[in-house]
Amino acid sequence: MRARALADARRLVRGARRIVGFTGAGISTESGIPDFRSPDGVWATNRTVTFQEFLASEAGRIEYWRQKVAAWPAMRKATPNAGHAAFVELHRQGRLGTLVTQNIDGLHQRAGLPADQVLELHGTTREAACLRCDDRISADEAARRVAAGELSPRCRDCGGFLKPATISFGQSLTPEVVTAAFEAARRCDLLLAVGSSLVVEPAASIPRAARLAGAGLVIVNREATPLDGMATVVVRGEIGEVLPDIVDSRSSDREVPEGGVEPERTA
Ligand code: NAD
């Protein structure tokens, strides 16, 4: 039963021609970047500063920057893992169209996916942007300025608030990015959702839109998600172990690894 899910996922990937990848924080935990909801995740260690609080209060901006600067060295040092490499392999095979990610770590591009194929729904932590004029500086420069005493740095062009170029709670997503993601999902023949709890909206509606438009939906995650019931195949397991196997064009449907991997078929 479990081996069947893996074999079914492989078959679906091999038969697909226009795959949309959809990833969440789970694909980067094996690179040492904690996700939000796991016991050692971001929410267990930091209080959330909403976008409204960032705009309204200097104390909120200082706390936000403190958290981001504290997290930056680990984020900067992180390197792509086998899960990111698996999407590069799909690209190399000519099967991957767009990769939609909720992640802000830039690891898909660092793994080798062309930047114009990656839609970062929640922005990037590798830059800081002025909220007034959108002038951008690198995260390295922003971190240096905070460390040098600018606890809540301002844009040197216009004086607006600088903020890491990520989407905070309460902040609107970039409409063009969201539209492009939904369009890609509606045009694909298979959506491969990896390492997401699929509870954050509107992101979670993107795999749903692909399925409703007739595409196959493969979900790879360690734990259950609310979309498992509508998926074509659900593979339960550790991404770095399962995903390379699913996308490996050389593996046969009969070569299913034993032990460790715990895939589960729900449909
Ligand atoms: P999430 O934390 O809600 O869900 C991550 C899922 O991945 C969980 O279900 C978890 O069980 C699973 N998972 C974790 N490691 C795994 C592994 N090695 N193998 C298999 N499954 C694994 O994350 P989400 O769905 O992306 O949504 C929450 C928000 O988290 C997004 O808005 C995103 O911007 C933000 N975020 C991003 C990063 C990053 O850029 N790396 C890190 C933390 C949070």
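Trainee: Quick one to start: is Gln117 buried or exposed?
Mentor: Buried, because its relative accessibility is 16% and the cut-off for buried is under 20%. Keep in mind that this is a predicted model.

Trainee: Where does Gln117 lie?
Mentor: You'll find Gln117 in the loop between helix 6 (107-111) and strand 3 (118-120).

Trainee: And which residues does Gln117 touch?
Mentor: Leaving aside residues up to four places away in sequence, Gln117 touches His91, Leu96, Gly97, Thr98 and Leu99.

Trainee: OK, let's talk strands. Which residues make up strand 2?
Mentor: Strand 2 covers residues 96-101.

Trainee: How many bridges join strand 1 to strand 7?
Mentor: There are 5, and those two strands run parallel as well. Strand 7 spans residues 190-194, and Val194 in that strand is the bridge partner of Thr23.

Trainee: Is strand 1 itself enclosed or open?
Mentor: Largely enclosed by the rest of the structure, since 5 of the 5 residues in strand 1 (residues 19-23) are buried.

Trainee: Which way do the residues of strand 1 point?
Mentor: Ile19, Gly21 and Thr23 point one way, while Val20 and Phe22 point the other way. Residues on both sides are buried.

Trainee: Changing topic: how many aromatic pairs are in the whole structure?
Mentor: A search of the whole structure gives 2. In one of them, Phe54 and Tyr64 have ring centres 5.3 Å apart and planes at 75°, so the pair is edge-to-face.

Trainee: What parts does that pair tie together?
Mentor: Phe54 belongs to helix 3 (residues 51-56) and Tyr64 to helix 4 (residues 58-77), so the pair connects parts that are 10 residues apart in sequence. Phe54 counts as buried because its relative accessibility is 0%. Tyr64 counts as buried too, at 6%.

Trainee: And what does Phe54 do with Phe161?
Mentor: They form an edge-to-face aromatic pair, 6.4 Å from centre to centre with 90° between the planes. This pair links distant parts of the chain, 107 residues apart: Phe54 is in helix 3, and Phe161 is in the loop between helix 7 (139-147) and strand 6 (162-166). Together, Phe54, Tyr64 and Phe161 form one aromatic cluster.

Trainee: Which residue lies over the face of Phe161?
Mentor: Arg61 does, at 3.8 Å from the ring centre.

Trainee: Now charges. How many salt bridges does the count come to?
Mentor: The count is 15. One of them joins Asp245 and Arg10, with the closest N and O atoms 2.9 Å apart. Asp245 lies in helix 10 (residues 239-247) and Arg10 in helix 1 (residues 2-15), so this pair ties together parts that are 235 residues apart in sequence.

Trainee: Are Asp245 and Arg10 buried or exposed?
Mentor: Both Asp245 and Arg10 are buried.

Trainee: How about Glu127, what does its side chain meet?
Mentor: Glu127 meets Arg136 in a salt bridge, 2.9 Å from N to O. Glu127 counts as partly exposed at 31% relative accessibility, and Arg136 is partly exposed at 39%.

Trainee: Which residue does Arg208 meet in a salt bridge?
Mentor: Glu201, at 3.6 Å from N to O. Arg208 is partly exposed, with a relative accessible area of 28%, and Glu201 is partly exposed at 45% relative accessibility.

Trainee: Last one: which residues are linked in a network of salt bridges?
Mentor: Glu141, Arg145, Glu150 and Arg156 are linked that way.

Methods
Residues numbered from 1 in each chain as written. Predicted model: local features only at pLDDT ≥ 70, side-chain atom pairs only at ≥ 80, totals over all residues. Heavy atoms only, no water. Phe/Tyr/Trp six-rings, centres within 6.5 Å; stacked < 30°, edge-to-face > 60°. Helix = DSSP H or I, 4+ residues; strand = E, 2+ residues; numbered from the N terminus. Buried < 20%, exposed > 50% of the residue type's maximum accessible area, 1.4 Å probe, protein only. Lys NZ or Arg CZ within 6 Å of the ring centre and 35° of its normal. Contact = heavy atoms within 4.5 Å. Pairing = 2+ DSSP bridges. Salt bridge = Lys/Arg side-chain N within 4 Å of Asp/Glu carboxyl O.
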